[in-house]
Amino acid sequence: MATQKLTKSYIHVPKKEPFIGLTVGQQLYKMAEKYPDKEMFVFYVDNERFTFKQMKAKSQKFAASLVSKGLKKGDTIAILGANHSEWIVALYASIQLGILLVPLRLEFPHSTIVAIMNKLQCKAIILTRSPDELLDRACEYFPEMKSSPAEQLKSDCCPHLQFLVLCSKSAKKLSSKTGVYSYDDFMTLGNETDFSKVEEICQSLDIDDPCCIYFTSGSTGVPKPAVHSHHSILNNAMTGAFFRMGVDNFNCNWESLRYMVGVTLSGIGTVWGTYLPLARGCATIILYPAFNAGIMAEALQNERVSIGTVLIHQAYDLLNLPNIDSYDFSNLKLMGMGGSIIPNELRQKMKKLVQYTTVIDV
């Protein structure tokens, strides 16, 4: 009797839940069908909310536009800016096509940004709607975007760069230039053929294909890109010890959880916030573009946040709010703090804020 030859194997410690055996894009399609009208992302400062179905539709439109521009599996595109919905839309769009999104940090100097884009041969860059000076920085980095007459943007410092997507309100001033698109205009480039290709490509991807890139801190030189597969990133989000320790303690339903991201989307620390809704069906509340302790306190209360992560300086600012006792944090069950060694005094203060379990360092 003929037997099928196995080409891959995963060692899996016996437990209640198996690994997710889908790519991130395939899991997005699955969750959009399972929870079409359930809230997936809340961009608190921008007052924008997306259900699973809405995020799938939005990201597919962006993906279709990428297809129309000739981008394909294995290509790279960069994104620079603060936490806004276009960040997640671009990420999910690229993932459906096997395109790697390169997250550039705002604190990177010009030389580092150029070095990274050239090393990874980025064909496009998306600039989010804030900070306000981002467009001026882009004009300084890529002066050709003001005058390039060719069908495709020609950049002296980044020869692989083909086009830019500008998400700020002032983008219309430059979007008439060839190779420069406003976010709204770019979303309309895809046609029916491009849309059909998006789903076809997404379904053809393998769980071991490259999914996304995150950078090391750069403490010993230029930040180094680390590539993660669909399998590793999605199952990291599902099985993260930080969540399991807390959720198991208070025996809460995963789908009812509301997780707050207190840090930027460009770091590996936000893997849970970015992919946790796909892995667990819960909602993610995203705070940036800029940290404000008062806004964080409001979000924890108004969005009924049950789990959060913050950096140490954010924790100090939150706990030192003069009116901290006036907020209702009764839904908050778990808070992760990280970025450095956690002083015991800070740990004890945070435990008084978190109702049902201990603070976990991340």
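**The sheet**

In this predicted model, 5 strands make up an open sheet with parallel pairing, arranged in the order β4-β3-β5-β6-β7. Strands here are DSSP runs of E with at least two residues, while helices are runs of H or I with at least four residues, each numbered from the N terminus; two strands pair if DSSP finds at least two bridges between them. The edges are held by β4 (100-104) and β7 (180-182); each has a single partner strand, so one side of each is left without a neighbour in the sheet. From one strand to the next, the twist averages 20°.

Strand β5 (residues 122-127) pairs with strand β6 (residues 163-166) in the parallel sense over 4 bridges. Opposite A124 stands F163 in β6.

**A helix across the sheet**

Helix α4 (residues 110-119) lies across β3 (76-80), β4 and β5, and runs at about 170° to β4. Such angles run from 0 to 180 degrees between N-to-C directions, with axes fitted to C-alpha atoms, for helices over the stretch in contact (heavy atoms within 4.5 Å).

**The nonpolar cores**

A nonpolar core is a set of buried (under 20% relative accessible area, 1.4 Å probe, protein chains only) Ala, Val, Leu, Ile, Met, Phe, Trp, Tyr and Cys residues joined through side-chain atoms within 4.5 Å. The largest has 66 residues, and F62, L66, Y92, I126, I233 and Y275 have the most contacts inside it. Helix α3 (residues 85-97) supplies the largest share of this core, 9 residues. A second, separate core of 29 residues includes I116, L134, A138 and C139.

Beyond its neighbours within four places in sequence, Y275 contacts residues including L91, Y92, I95, I233 and L234.

**Basis of the values**

Residues are numbered from 1 along each chain as its sequence is written, and side-chain values use heavy atoms, leaving out hydrogens and water. Local features need pLDDT of at least 70 and side-chain atom pairs count only at pLDDT 80 or more, whereas totals for chains, interfaces and linings use all residues.

Methods: Buried means under 20% relative accessible area, exposed over 50%, partly exposed in between (1.4 Å probe, protein chains only).
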